Amino acid sequence: MWLFFHKLGSPKYFYDLSGKFLPWFGGLTLILMLLGSYWGLVVAPADYQQGDSYRIIYIHVPAAWMSLFVYIVMASAGAIGLIWKMKMADVVASCSAPLGAAFTFLALVTGSLWGKPMWGTYWVWDARLTSELILLFLYLGFMGLEAAIDDKRTAANACAVLALVGVVNIPIIHYSVEWWNTLHQGSTVARVDKPAMDVNMLIPLLIMWFAFMFYYGTTLFMRARNEVLYRERDTAWVKEMVTE
Amino acid sequence: MGLLPKHAHRRKKLGLIVMMVMGVGVAVGMVTMALKENINLFFSPSQVLAGEAPKDHTFRIGGMVRTGSVRRSNHNLEVAFEVTDTAKNLPVVFTGILPDLFREGQGIVAQGKLGPNGTFIASEVLAKHDENYMPPEAGEAIKNAQKIQATLKE
């Protein structure tokens with residue numbers, strides 16, 4: 001296990017391996033996205049109260065889950081970079097931040113568009129919405145801090161500390177609807193008893209979630225490969241590849 | 001432990017990171033606990049009737065619209081209903097357009113002030129959606145089952 005970990009830390013090994021996975025990830029993203037969209041928008045039944053308006057859930061919920069997941073990946077990569085000084089961990093953290101920010105933004109916007117017809121307002125300062133907005137600011141802060149420091153190693157260390165401090169927000173977002181009374185409803189899927197959702201609505205939601213996961217994997221690999229080439233531009237293997 | 005870093009300085013760093021994350025967690029936990037009342041979006045009818053809600057000040061109340069309590073005016077948009085948390089009921093009046101999801105038995109959050117006679121005068125009413133999603137037929141079936149249960153009890 002340690003051997004694989006160390007090998008993955010090598011930029012060249014990562015570059016070769018990710019190149020093999022990339023077309024598969026991209027293809028799966030496309031297939032799952034089409035399947036999930038068709039199932040969710042056409043096949044799944046309308047909701048007993050919200051009618052067709054609930055269908056925004058197929059973008060909103062996967063985006064919100066990804067906003068948390070990407071943050072955990074980013075903070076873990078940050079910790080690995082701090083402890084093992086691993087170049088690849090810095091790259092993963094740095095490339096995840098804009099993707100996580102995009103997912104968070106998407107979750108906030110789709111939620112807001114749904115909120116107007118359903119709740120009667122675009123925005124309310126309840127615990128769930130506020131903590132998700134703080135998550136967006138954490139991502140933006142990460143990106144700003146990184147851009148402000150010229151040296152890549154120093155920037156990665158500073159950003160990793162910021163990401164780790166912000167980890168405390170993740171359980172707050174998840175449990176906000178239980179700890180405090182909020183306008184946002186409780187969890188439908190991630191709960192102790194079975195999901196409070198009809199199976200025919202739940203399956204496309206899970207498919208869309210997988211599609212978002214693979215989308216993240218695909219874009220992360222694409223960004224990370226670019227970043228690796230840039231950071232390793234003075235090494236022999238990159239020069240060799242470019243001149244070929 | 002095979003999973004811990006092998007070098008002492010790396011173990012130390014790992015320890016520092018764990019301590020930092022836990023320290024921030026405890027600090028934020030204490031702050032949010034101290035601010036619990038401010039983070040909560042609304043007061044329940046029981047809290048309002050116990051005098052916990054601010055007087056002469058706008059605040060929000062939340063709860064279910066009590067079944068059978070909604071009365072609409074015939075000549076304007078005024079609507080009166082009661083909000084319940086199943087223990088206590090609070091009368092509410094509101095003039096304006098209600099959200100689509102507003103109906104009896106549905107959760108709402110209303111912003112406004114407590115009037116002199118103990119009625120909550122709302123300036124905004126929001127519908128609180130619950131976490132259940134099902135096709136209309138399933139919703140019908142549950143309603144019918146509840147009706148049968150209610151008649152059996154009587």
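Q: What is the confidence of the prediction for chain A?
A: Chain A has a mean pLDDT of 91, with 99% of its residues at 70 or more. Within chain A, the lowest confidence falls in helix α1 (residues 2-8), at a mean of 73, and the highest in α5(A), at 96. Where pLDDT is low, the predicted coordinates should not be read in detail.

Q: Why is chain A called as compact as a globular protein of its length?
A: Chain A has nine helices and zero strands. The radius of gyration, taken over C-alpha atoms, is set against a globule rule of 2.2 Å times the number of residues to the power 0.38. For 244 residues the rule gives 18 Å, and chain A has 20 Å, which is close to that value, so chain A is as compact as a globular protein of that length. The C-alpha trace of chain A spans about 60 × 35 × 30 Å along its principal axes.

Q: How does chain B stand against the value for a compact globule?
A: Chain B has a radius of gyration of 24 Å, whereas a compact globule of 154 residues would have one near 15 Å. Its C-alpha trace spans about 80 × 45 × 30 Å along the principal axes. The domain assignment, which is automatic or from a database, gives domain 1 (8-38) and domain 2 (42-128) in chain B, and the C-alpha centres of these domains lie 40 Å apart. Chain B holds four helices and six strands, in the order α-α-α-β-β-β-β-β-β-α from the N terminus on.

Q: Why is Tyr54(A) called buried?
A: A residue is buried if 20 or more other C-beta atoms, placed from the backbone, lie within 10 Å of its own, exposed if 12 or fewer, and partly exposed in between. Tyr54(A) has 21 C-beta neighbours inside 10 Å and therefore counts as buried. This residue is in the loop between α2 and α3 of chain A. Leaving aside neighbours within four places in sequence, Tyr54(A) is in contact with Asp47(A) and Tyr133(B).

Q: Why is Lys85(A) called partly exposed, and why is Thr86(B) called exposed?
A: Lys85(A) has 15 other C-beta atoms within 10 Å and is therefore partly exposed; Thr86(B) has 11 C-beta neighbours inside 10 Å and therefore counts as exposed. Lys85(A) lies in the loop between α3 and α4 of chain A, and Thr86(B) in the loop between β3 (78-84) and β4 (89-95) of chain B. Most residues other than glycine have a negative phi. Lys85(A), not a glycine, has a positive phi of about 50°, and Thr86(B), also not a glycine, has a positive phi of about 75°.

Q: What makes a set of residues a nonpolar core, and which residues touch the most other members of the largest one?
A: A nonpolar core is a set of buried Ala, Val, Leu, Ile, Met, Phe, Trp, Tyr and Cys residues joined through C-beta atoms within 7 Å. The largest has 61 residues, of which Met74(A), Val92(A), Ala93(A), Ala160(A) and Ala163(A) touch the most other members. Elements giving two or more residues to this core include α3 (57-84) and α4 (87-118) of chain A, and α3(A) gives the most, with 18 residues. A second, separate core of 27 residues includes Trp114(A), Ile108(B), Ala110(B) and Phe120(B).

Notes: Residues are numbered from 1 along each chain as its sequence is written. Chains are lettered from A and ligands numbered from 1 in the order in which they are written. This is a predicted model: local features need pLDDT of at least 70, side-chain atom pairs count only at pLDDT 80 or more; totals for chains, interfaces and linings use all residues. pLDDT is the predictor's confidence in each residue, from 0 to 100. Two residues are in contact if their C-beta atoms, placed from the backbone, lie within 7 Å.
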